[in-house]
Amino acid sequence: MCSRCRDGIAGIAILLAASFGCQREQRNLRPEPTGQAMFTPLKGSNPSSGIAYEISEGQRLYTWYNCSGCHANGGGGIGPPLIKTSWIYGGEPAKLFESIAKGRPNGMPAWGDRIPEYQIWQIVAYVRSLNQQEPSSATPKRLDTIETNPQTIRAARARTGK
Amino acid sequence: MIPLVETSRELDEEQERGTLERAWRHPGGFVGWCSYTTHQAIGMRYIVTAFLFLLAGGVEALLMRLQLARPENGFLGPDRYNQIFTTHGSTMMFLFAVPMMEGMGIYLVPLMLGTRNVAFPRLNAFGYWMYLIGGLFLYWGVFTNTAPDVGWFAYPPLSGPQFGIGKRVDFWAQMITFTEISALCVATELIATILKMRAPGMSLNRIPLFCWAMLVQSFMVIFAMPAVMLASNIFLLTDRTVGTHFTNPAEGGDPLLYQHVFWFFGHPEVYIIFIPALGMVSSIVDTHTRRAIFGYPAMVLSMAATGFIGFGLWVHHMFATGLPQIGEAYFTAASMMIAITSGVQIFCWLATMWSGRIRMTAAMHFVFGFVAIFVLGGLTGVMLASIPIDLQVHDTFFVVAHFHYVLIGGALFPLFGAFHHWFPKFTGRMIGETAGKATFWLLFTGFNLTFFPMHILGLKGMTRRIYTYQPEMGWGPANLLASVGAFVILFGGLLFLANVIRSRRHGLPAGADPWASGTLEWAADSPPANYNFVYLPVVPGRYPLWTDPKQRGLVTGVRADRREVLVTTIMDAAPHHRYPLPGPSIWPLLTAAGVSAGLIWAVYQFSGYYPAIALGTAGLIGWFWPRTPAGDER
Amino acid sequence: MSRRRTLPAISALLLSACAGPQQSSLNSAGPQAGHTESLWWVFLGILSLIFIAVLGVMLAALARRHPEFEPASPERTATAADRTGRRLTRAVAAATIATVAILFFLLVASVSTGKTIAGLASPSSSLTIEVTGNQWWWYVRYLDDNPQRIAVTANEIHIPVGRPVQIRGTSQDVIHSFWVPGLNGKRDLIPSHITTEWIQADRPGRLRGQCAEFCGLQHARMALWVVAEPESQFEAWLDRQRQPAVPPSDADTQAGYQVFMSHACVLCHNIAGTPAQGQVAPDLTHLAGRMTIAAGTLPNNKGTLGGWILDPQSVKPGNHMATISLKPGELQPLLDYLGSLQ
């Protein structure tokens, strides 16, 4: 292979590798405030998907806005679990956005008039990460709380018989 | 080469030299270049690579100083600034300081000991490749927005899985694996070389002080580096990639556990950087005052004591964490005690200078600068050892000033002195003395302009690691002065580079011993041949080249047609046996590449360690595959 | 002024720029910081003399020409004459012994100062303040045995002059460090640990402190203010902090109240006596009485508060306040309402 071709391939490979990291590690600290309460998403796809900072913000907001009050850490309680394969109202990002923003029958409140759009997308990204639908390199393996990973808890129970 | 000795026996030096040339010849081509196992080549690779990382760290420093020059400056945002100061610290500590000292050791120790190579040449090459790959790995992160942003010591929970967002901290933690493997390789081979491969007659009390320094440092590396691998890899990296709970209080872990284990490494780390510099200063001082270093036994014992006591100080980095006061007081005492051992070194050098005939070369300028700057830094260290004072100035710019005074003064200035001192040996040409002295004055002035005001800033309450500050705090003028000083340092560095480049081409040819020095490295060619000496020397005293030639000797009977060295006893360096060293080999690079691929994979998935082990094992099989020593084939 | 205080006063003058917030360790307002400051001057004095001595010897070595070493042969150059050797040995030994003695003295001084400061801890003190570090603000709680008398505030601490105060610190997320240089050294705030420190102000005034352990994106903007005031003023202030929020009194503030309750504000902030009971952000019940907002980042007035609410990320990028959107005509009533929360 000629040396120019080699250089070209090397350059493309480096750029690809760079773009993966650059995409995942974005810190977009200053969102564009939208001018209204947000009941339908402005964008079709989740702008927060695949970005570690956004997923982390989604995790923080999940706790701060007390989603865990009904959904626990994904296992559900008063509300349905959020770690699952079949979603009542759809598990795609846009559908999750609508569930959060407009609410759903049987008790899910509408948050779109309080939570800004960009934060709803962050929560959507986090919920999808609970279901391993976000890149694992952008998803934290655990949080600084008691162990909540269902697989770990199941395994621990199997070991100790509790 | 200086004829070491006049003998009555007929020695055909020309024939011996020719045979050695053939046995020690470097292989050609790119693959051959990757296969070098001679210590001069690998030492120089370490030195050049570490110097490039020094420049990278310097760029990061200049960026920081540009941001802090004015209050509420908008040059760098918080995220970028956090990445830059973390990368600056990590680069300087892991990618510049320790590898540079090791590179100087790898290059100079076999020459000073009168042998032909380090004890494990292929391990030497492997260590370098691991270091290079680790450094490039971190900087690949830097250029893909994945530079670590949690400080060079990366305390959890900030660096933990919840708050250390993304892969940045994982890159940092794995970079440490690379550099610590490299450091352990170098430490192992230096200890073996210094203890077992000295020239006959070089008993323990005749070893050059630089070699003693490298011996102490190597032992320190072996005891300290595993601690940082434990902290960064086992605690932090597995918490982040596997989900363990070492630092998670909710499940029984503790963030302070990380701090203890990290600083158990972190404090000896600074002595690992500093002690080789002490050895360099001794080499420069004895040559350029034209007398032996005063108080050799005190110098050796104080270096060893520094190394030993250095392991008992680590809690002084944690005085603010609320540990029991009685325990903390012990660490105050130990932290002050170590000033005694460093003080003894300074006093002995002063005594040497007092009673010697000082030749104010550029190298000696750097030694004087070292004494001034390092002593000031050491004294602020005594202040920091006091708990009440530390609780006020900890985590402020006072500490930044302190450690730059002791690290730049105590390691960088001796290093630059060493560059000017050994440049003739490395390159065969004299370095420009006037430019060297101008370099010193630029670096000295710029350094003090930059870092002295930081003492004041710390006392005025300016905390570390802040990307900006408010105008009404009154910190603006001192920060501006510090930023100006940083650019003066830059000019000093550029002048040094220009001097090196020019002197390599146009400097006066140096000959083997331009300084009329006393130690063995000056008996080899400039630059040394791959085999260092045609005949290995026999050593009658601490300064072989200053003794009567009639008392020196040569070793005959070591084979020249293969890469053979003489192994001697530990205490008296009596010849014990001859040993064939391996020739050039590509296996260190292949093994390093395989292990590195696995380690990089492990940053993303823990299972990456399995290919690391598998590929490493495969590499080692090729490495150790039995083959006839070069020269024995018939 | 007594001689003991002259030097520190001069240095404080030299070290302080024009009138700006004092965050200097050498401008102590209380006994703990005062003892540390005195210790500092002792250390500085002694160690400066040592530095000058070492530098002097080094420069003298450079300046002198040693007469004994006209080199006749390599041996003469390389070994010192015996007499010189003995003199040098005595000099080095003397310097080493002096070093040991001085360091021992400094050790004793340091440990004794530490003991004195520790002795200022007063178990019978009646004021304990719990400080919890958050990214990037300070949660402050005045403890009391009677739960009705517990007061919660944020980013600003008031203490009575002359009374020892215990700070009990912990952290909600990462490691922070509580540091008010005018009062005492720093204490790290570590999640799952409780670290304690005693402070005491000997004169009224305002002292600035800052987080001193790197804690993320906005570590630079995590300041706090300590206001030391006479006992009566302090008690009045604390009483006010215990009260629920001032209800909105006119149409304007009522409109502002509605704005607050209908936006994301209620999800994070607490205004006692209203439905806003969020616990994860600074308490706003008595916001209007504070000197600064955003943990010492901006002075507290209508303009800065409005700018902060509309675009917090431009002031403190990365901080955890949501960027909400307000309709025209919502901002002013909201500011009026918040401004009424004395």
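Student: Which residues are buried in helix 10 (residues 331-339) of chain C?
Tutor: In that helix, C:Pro333, C:Leu334, C:Leu335, C:Tyr337 and C:Leu338 are buried. A residue is buried if 20 or more other C-beta atoms lie within 10 Å of its own, exposed if 12 or fewer, and partly exposed in between, with C-beta atoms placed from the backbone. Helices (H or I, at least four residues) and strands (E, at least two) are DSSP runs, numbered from the N terminus. This is a predicted model, where local features need pLDDT of at least 70, side-chain atom pairs count only at pLDDT 80 or more, and totals for chains, interfaces and linings use all residues. Residues are numbered from 1 along each chain as its sequence is written, while chains are lettered from A and ligands numbered from 1 in the order in which they are written.

Student: What do the buried residues of helix 10 of chain C pack against?
Tutor: They pack against helix 6 (251-262) and helix 8 (302-310) of chain C.

Student: How is chain C divided into domains?
Tutor: Domain 1 covers 19-62 + 76-238 and domain 2 covers 251-339. Those bounds come from an automatic or database domain assignment. Taken over C-alpha atoms, the centres of the two domains of chain C are separated by 34 Å.

Student: OK, other chains. How many residues of chain C are in contact with chain B?
Tutor: 73 residues of chain C are in contact with 73 residues of chain B. Helix 4 of chain C gives the most to the chain C side, with 17 residues. The residues on that side of chain C are 42 nonpolar, 26 polar and 5 charged.

Student: And what about chain A with chain C?
Tutor: There, 14 residues of chain A are in contact with 14 residues of chain C. The chain A side has 7 nonpolar, 4 polar and 3 charged residues.

Student: What is chain A made of, helices or strands?
Tutor: Chain A has 6 helices and 0 strands. Of its 162 residues, 36% count as buried.

Student: Where is confidence lowest in chain A?
Tutor: In helix 1 (residues 3-24) of chain A, at a mean of 67, while helix 2 (residues 52-64) of chain A is highest at 95. Chain A averages a pLDDT of 83, and 81% of the residues score at least 70. pLDDT is the predictor's confidence in each residue, from 0 to 100.

Student: Switching to C:Ala220. Where is it found?
Tutor: C:Ala220 is in the loop between strand 9 (205-210) and strand 10 of chain C.

Student: Why does C:Ala220 count as buried?
Tutor: Because C:Ala220 has 23 C-beta neighbours inside 10 Å. Not counting residues up to four places away in sequence, C:Ala220 touches B:Pro78, B:Ile466, B:Tyr467, B:Thr468 and B:Tyr469.

Student: What about B:Ala329, where is that found?
Tutor: B:Ala329 is found in helix 10 (residues 325-355) of chain B. B:Ala329 counts as partly exposed, because it has 16 C-beta neighbours inside 10 Å.

Student: Last topic, helix 13 of chain B. Where does its kink lie?
Tutor: At B:His421, shortly before the proline B:Pro424, helix 13 (residues 397-427) of chain B has a kink of about 45°. The bend at a residue is the angle between axes fitted to the seven residues ending there and the seven starting there.

Student: Why is helix 13 of chain B called largely enclosed by the rest of the structure?
Tutor: Because 28 of the 31 residues of helix 13 of chain B are buried. Just after this helix, B:Gly428 takes a positive phi of about 85°.

Methods
Contact = placed C-beta atoms within 7 Å. Nonpolar A, V, L, I, M, F, W, Y, C, P; charged D, E, K, R; others polar.
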